[in-house]
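Dear colleague,

I am passing on a structure that I would like you to look through, and my notes on what was found in it follow below.

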Amino acid sequence: MQPPCEDEDTDSLLQALLEGQNYGTAAADGTPVSVSKNNPAKRDCLVVAVLCFGNLINFIDWFIVPGILLDIQKYFGLSDGKTGLLQTVFTLCYMLAAPIFGYLGDRYNRKIILGAGIFFWSGVTLGSSFITESHYKIFVLSRGLVGIGSASYSTIAPTIIADLFEEGKRTTVLSIFYIFIPVGSGCGYMLAAGMAESTGDWHWAFRVTPCMGGLALLLLILVVPHRIQRKAAAHRARSISSTIYRADEKPDVHRTAKTTWCQDVGSLVKNCSFVCSSLGLTAMAFVTGALGMWMPLFLYRAQVVQGIVPPCLQESCSSSNSLIFGGITIGTGILGIIAGAEAARRLRKRNNKADPLICATSMFISALCLYIALMVAQTNILSTFIFIAFGELFLSVNWAVVTDILLYVVTPRRQSTAIALQILVSHLLGDAGSPYLIGVISNAIQARNIPSLQWSFRSMQYSFAICAFVGVFGGGFFLLTSFYVEEDRKEAQRP
């Protein structure tokens, strides 16, 4: 047994070797070069900043269409059902591509995959801005292609962050990364509405983010290292309780998956925490997808019924609801994610099941707030905005926490595949169908009643009520996760 001082020297040497491998701090001839502890930390922060910028653009592109939904609906002459199909096609393509990128991300260079994805979705977004009103199907196809490009980013970028930071810092950094989901979403509404209003042509909303995508691609090439050391190569699964480095593992060997994709999936299906938390995330996605697609239009119809605004008959409609809802999404998203990460950090010290319990509680409260918002929409629009804000706030609490649950209950060599499968399931059963389902139900209700502004609003109100009940189911799945999370976390730590 080594004396304590020798152990400390060994740990210092291993850390230096790891930092040297990641950032090229060793000389080409093999001569050891002293490694500054500050430089890798600064480099990691720059990498995270670039990844966050890419995530911002990713979600701006997601929510450009909902931000100008009324304009698009009028331009192509669409019913509610066909309008919802736009986001459904986007999400279906996104989720079907996610497992493919997860497989590639576990086995091939992640920087190249990210760069190709940014280039692809930015180019398609730009091309979609030139589609005319007689080519609605091509516009739908373009949204599906953008979803494929987005899948590469959402699947792989979190695993790079997980490899750059230890468990203590990882939750904080992931929280920062996931803050750009609501920020990007809100900016998508505001950018789309602002460009449509300032130019008088909604097509211009699709011509801004490709320029931002080009900048993100350039930064990715210049800042992100070509190869990033996977934590699995130097450390086994690190979680809240942490583990000790095994002396027989070799940090200088780049570890790749030694199992087949089917074996990885089979192992993940047996992981109860992963399965239950993924179903809880699916409920979140269902609610978020429906709200994100239809809420500005729902608010517009509520205001028309109350006589606050007149029906839109001109070519370019008012975008005030998109601007307000975008601002609410940004504000509540930032507050919710920060609050969720801080609550998890504090409560983990008292309860090892804190993460799933936080998610369950926030889902129940969010469902209640959304239901109240729907019920008061016809009489008090201010109260509607307030309860929508609280509903979104508690939904946002879960984003970073759910991802961190996955990262400590799944062994590192399967994390990209696990994230990809979680994306597949949550979108397949969640927001892939919810926008279309809400639109179809709204159409069916309108068809059974006399066409009027009142029933145009009520049809959306009644169909939206599904979201509140789905939110309750989501809270139940997170409660189930709490029963298995400790056992699965220990299993992920085993060599």
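A residue is called buried when its relative accessible area is under 20%, exposed when that area is over 50%, and partly exposed in between, using a 1.4 Å probe and protein chains only. Please keep in mind that this is a predicted model, in which local features need pLDDT of at least 70 and side-chain atom pairs count only at pLDDT 80 or more, while totals for chains, interfaces and linings use all residues. Residues are numbered from 1 along each chain as its sequence is written, and side-chain values use heavy atoms, with hydrogens and water left out.

Cys262 has a relative accessible area of 61%, so Cys262 is exposed, whereas Cys369, at 10%, counts as buried. The number of disulfides (pairs of cysteine sulfur atoms within 2.5 Å) is zero.

Thr91 belongs to helix 5, residues 80-107, where a helix is a DSSP run of H or I with at least four residues, numbered from the N terminus. Thr91 counts as buried because its relative accessibility is 1%. A polar atom of its side chain lies 2.8 Å from the backbone oxygen of Gln87. Setting aside residues up to four places away in sequence, Thr91 touches His427, Asp431 and Ala432, contact meaning heavy atoms within 4.5 Å.

Finally, Phe139 is in contact with several residues beyond its neighbours within four places in sequence, among them Val65, Ile72, Trp202 and Phe206.

Best wishes

How values were computed
Helix = DSSP H or I, 4+ residues; strand = E, 2+ residues; numbered from the N terminus. Polar contact = N/O pair within 3.5 Å; in protein donor to acceptor, adjacent residues only side chain to side chain.
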